Amino acid sequence: MTITITAFENSPDRGRGLARDMRVRWALEEVGLPYEVRLVSFKEMKQPAHLALQPFGQIPTYEEGGLALFESGAIILHIAERHPGLLPDDANARARAIAWIFAAVSTMEPVIVDRETARFEEGTESWYDERLAHVERRIRKRLGELSRRLGDADWLDGTFSAGDLLMISVLLRMEGSALLAEYPNLCGYIARGQARPAYQRAFEAQRAVFLAVSAGGQ
Ligand code: GTB
């Protein structure tokens, strides 16, 4: 059955792999599933056909036969539950890996996204610097907690899992920041994720979209 995901036709991240189709591509590459990509413009994302798939008018979506899914965490859990490679066989280890999926999207991602939202939407406000200090304090708290839990392990709980895939995808949104650099073990953790062949195939695939758009625009 063909799997089709959606991605930005013209991603504002300019091929840096920060949009959330990247994590779905990575999961599909990890389990070795072929997939097709339907590129959508910002305008198309807000029209009825796309809203039927994603009620908030966002990417990514996932279609497979009669199934249509949205929310990157749910999509990755779906892939991981049905194909070997992203969740352990042992029931308890599997449950813990799923807990890390939720930790990534519901405990870590909101504080990290808040920093980007503050910059884009409030960056010119007189109180921005004060707000940023609060946002960064909350991020530092979470990064510190995660860093302590990871310690010197390679992955969060034994072997690489969908929990690591999601967590690394979330942390990547802070790549290159001074804040993240305060946690060398998290930087190493991200690098281990990026070194995985499946990550690299996914990264190149999303980057090819940007390169094609850039070439077309010249
Ligand atoms: N909770 C949803 C999920 O996990 O699937 C969130 C989906 C989401 O935020 N999608 C974004 C989107 O469609 C793209 S990924 N935005 C358009 C809209 O809301 O109208 C977020 C994103 C966008 C851009 C960058 N960037 O330029 O670096 C990084 C991340």
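In which sense do S3 and strand S4 pair, and over how many bridges?

A: S3 and S4 (residues 67-70) pair in the antiparallel sense, over four bridges. The model is a predicted one, in which local features need pLDDT of at least 70, side-chain atom pairs count only at pLDDT 80 or more, and totals for chains, interfaces and linings use all residues. Numbering starts from 1 along each chain as its sequence is written, and side-chain values use heavy atoms, with hydrogens and water left out. Strands (E, at least two residues) and helices (H or I, at least four) are DSSP runs numbered from the N terminus, and two strands pair if DSSP finds at least two bridges between them.

In the loop between S1 and helix H1 (21-31) lies Arg-14. Its phi is near 55°, a positive value in a residue other than glycine. Pro-60 belongs to the loop between helix H3 (48-51) and S3. Most residues other than glycine have a negative phi, and most peptide bonds are trans.

Ile-59 leads on to the ligand. Of the 14 residues around the ligand (a heavy atom within 4 Å), those that come nearest are Arg-20, Lys-46, Ile-59, Glu-71 and Ser-72. Several side chains make polar contacts, that is, pairs of N or O atoms within 3.5 Å. For Arg-20, a side-chain N or O atom is 2.6 Å from an oxygen atom of the ligand. In Lys-46, a polar side-chain atom likewise lies 2.6 Å from a ligand oxygen. For Gln-58, the distance from a side-chain N or O atom to an oxygen of the ligand is 3.1 Å. Taken alone, the ligand exposes 690 Å², of which the protein buries 78%; these areas come from the Shrake-Rupley method with a 1.4 Å probe.

Notes:
Polar contact = N/O pair within 3.5 Å; in protein donor to acceptor, adjacent residues only side chain to side chain.
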